[in-house]
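Please walk me through this model in the viewer, stop by stop. Tell me what to select next and what is found there.

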Amino acid sequence: MGLFFKKKNKENLLIIYSPFDGKVVPIESLKDKTFASKVMGDGIAVIPSKGKIYAPISGTISALLDTKHAYGITSESGFDLLVHIGQDTVNLKGEGFTTNFKQDDKVNQGDLLGTFDIPFIEQHGYSIATPIILITGSEYKIKEKAKEGEIKVGDVLLTLSK
């Protein structure tokens, strides 16, 4: 099967795949304290090297603002994931972002969710470091995180367990 084959094993582990090519960094390293302090939930961050975002899981787009900079996805297993492209990028009011989906659309892992203009975002003074967060309140917990360093779309980013 392809890069986006959904894995589930005897330990009931669920896999969240990287939505970007780029570099993995700890969520605690982000300048935005809301993400770094894990107020919204635990996770990881990726500094994208290309301006394309792919669905890290299969599920339903549960939140997508007009600004197109953040995707809330409810997985088929029931957990909520937030992918927030950059930090403070809401201030761009959607400029530099496109999306191929709308709220309540079903997505499959690996679908191209949208694009974003990295040079445009950075020229406006915003960090492109992107938190990927398991929203607090889930019955799932992060068991393992990808190591710091290079990552490709479809590589394992987070492993969850109940």
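**Stop one: the sheet**

Select strand 8 (97-99) and strand 10 (residues 112-116). The two pair in the antiparallel sense, over three bridges. This is a predicted model.

The three strands make an open sheet in the order 4-10-8, with antiparallel pairing. On average, neighbouring strands here are turned by 20° against each other, direction ignored.

**Stop two: Phe-97 and Phe-116**

Stay on strand 10 and select Phe-116. Which residue stands opposite Phe-116? Phe-97 does.

**Stop three: the aromatic pairs**

Show the aromatic side chains. How many aromatic pairs are there? The count comes to two.

Buried or exposed: what is Phe-20? Phe-20 is buried, with a relative accessible area of 0%. Phe-116 is buried as well, at 5%.

Move on to Phe-79 and Tyr-140. These two also form an edge-to-face pair: 5.6 Å centre to centre, 70° between the planes. Phe-79 lies in the loop between strand 6 (70-75) and strand 7, and Tyr-140 in the loop between strand 11 (130-134) and strand 12 (141-145), so the pair ties together parts 61 residues apart in sequence. Both Phe-79 and Tyr-140 are buried.

Return to strand 8 and step back to the loop between strand 7 (80-84) and strand 8. Select Asp-88, which lies in this loop. Its phi is positive, about 65°, although Asp-88 is not a glycine. Asp-88 has 43% relative accessibility, so it counts as partly exposed.

Now select Lys-93, found in the loop between strand 7 and strand 8. What is the phi of Lys-93? It is positive, about 55°, and Lys-93 is not a glycine either. Why is Lys-93 called exposed? Because its relative accessible area is 69%, and the cut-off for exposed is over 50%.

Key:
Residues are numbered from 1 along each chain as its sequence is written. This is a predicted model: local features need pLDDT of at least 70, side-chain atom pairs count only at pLDDT 80 or more; totals for chains, interfaces and linings use all residues. Side-chain values use heavy atoms; hydrogens and water are left out. Helices (H or I, at least four residues) and strands (E, at least two) are DSSP runs, numbered from the N terminus. Buried means under 20% relative accessible area, exposed over 50%, partly exposed in between (1.4 Å probe, protein chains only). Rings of Phe, Tyr and Trp (its six-membered ring) pair if their centres lie within 6.5 Å; planes under 30 degrees apart count as stacked, over 60 as edge-to-face and the rest as tilted. Two strands pair if DSSP finds at least two bridges between them. Axes are lines fitted to C-alpha atoms, for helices over the stretch in contact, and angles run from 0 to 180 degrees between N-to-C directions.
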